[in-house]
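Subject: A structure to look through

Dear colleague,

I am handing over a structure that I would like you to open and turn around on your screen while you read. My notes on what was found in it follow below.

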Amino acid sequence: MRRRTTGRRWTVLGMAFGAVAGAGGAFGQRLWDDPAFQLYREAAEAMDRRDHGRAAALARSAIGHYPDFVLAYFLLGQAALALHRWDDAEAAFRTVMTLYPGSLAGRRGLQTALERGGGGAEAAATESEAS
């Protein structure tokens with residue numbers, strides 16, 4: 001049986017992003033000091049704990065501070081999938097695709113949301129676009 005590593009993925013993503021976000025110490029505010037990034041980090045930690053409702057709420061709050069925050073939309077989509085909120089997941093992944101049209105992970109998330117939410121024909125079209 002294959003072991004799921006979803007929690008580790010968010011931790012690794014957060015660590016990598018944290019390395020970039022922590023730079024700039026002598027020049028003032030670090031990226032992690034920004035409210036949007038603090039909320040995103042908390043949302044990623046909530047995903048690690050499988051507290052998907054809290055992760056979704058925190059991702060929405062991060063988006064409220066930074067409306068083009070593609071990582072927050074992606075995390076929101078993942079949380080919505082885990083909560084079986086197909087329409088919310090679809091909306092989040094559509095925004096990911098608008099902000100970052102080349103995102104294969106965003107396209108796969110959108111495809112999953114469409115398949116599970118009953119949009120089979122559109123999911124198939126999304127899959128063929130990814131190929």
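Is the crossing of helix 5 and helix 6 left-handed or right-handed? Before the answer, please keep in mind that this is a predicted model, and that every value below was computed from it.

Let me begin with the overall layout. The protein chain holds seven helices and zero strands, and, read from the N terminus, its elements run α-α-α-α-α-α-α. Of its 131 residues, 37% count as buried. If you take the contacts between residues at least 6 apart in sequence, 39% of them join residues at least 24 apart.

Now to the pair of helices in my question. Two packed helices are described by the angle between their axes and the distance between the axes. For helix 5 and helix 6, the angle is about 155 degrees and the axes lie 8 Å apart. Because an angle over 145 degrees counts as roughly antiparallel, helix 5 and helix 6 are roughly antiparallel to each other. As for the handedness, the crossing of helix 5 and helix 6 is left-handed. The residues that make this contact include Trp 86, Ala 89, Phe 93 and Met 97 on the side of helix 5, and Gly 106, Gly 109, Leu 110 and Ala 113 on the side of helix 6.

The loop between helix 5 and helix 6 contains Pro 101, which counts as exposed because its relative accessibility is 52% and the cut-off for exposed is over 50%. Leaving aside residues up to four places away in sequence, Pro 101 touches Val 96 and Arg 107, and both of these residues also belong to the contact between helix 5 and helix 6.

Another loop, the one between helix 4 and helix 5, is the place of Arg 85, a residue that counts as partly exposed at 40% relative accessibility. Arg 85 and Ala 113 are 28 residues apart in sequence, and their C-alpha atoms are 8.5 Å apart in space.

In one of them, the side chains of Arg 60 and Asp 88 meet, with 3.7 Å from N to O. This pair links distant parts of the chain, since Arg 60 is in helix 3 (residues 52–65) and Asp 88 is in helix 5 (residues 86–99), 28 residues apart. Arg 60 is partly exposed, with a relative accessible area of 39%, and Asp 88 is likewise partly exposed, with 34%.

Arg 94 forms a salt bridge with Glu 90, and here the closest N and O atoms are 2.9 Å apart. Both Arg 94 and Glu 90 lie in helix 5, four residues apart, which is about one turn of the helix. Arg 94 counts as partly exposed at 32% relative accessibility.

Key. Residues numbered from 1 in each chain as written. Predicted model: local features only at pLDDT ≥ 70, side-chain atom pairs only at ≥ 80, totals over all residues. Heavy atoms only, no water. Salt bridge = Lys/Arg side-chain N within 4 Å of Asp/Glu carboxyl O. Helix = DSSP H or I, 4+ residues; strand = E, 2+ residues; numbered from the N terminus. Buried < 20%, exposed > 50% of the residue type's maximum accessible area, 1.4 Å probe, protein only. Contact = heavy atoms within 4.5 Å. Axes fitted to C-alpha atoms, helices over the stretch in contact; angles between N-to-C directions. Parallel < 35°, antiparallel > 145°, perpendicular 65-115°, else oblique. Left-handed = near helix turned anticlockwise from the far one by under 90°.
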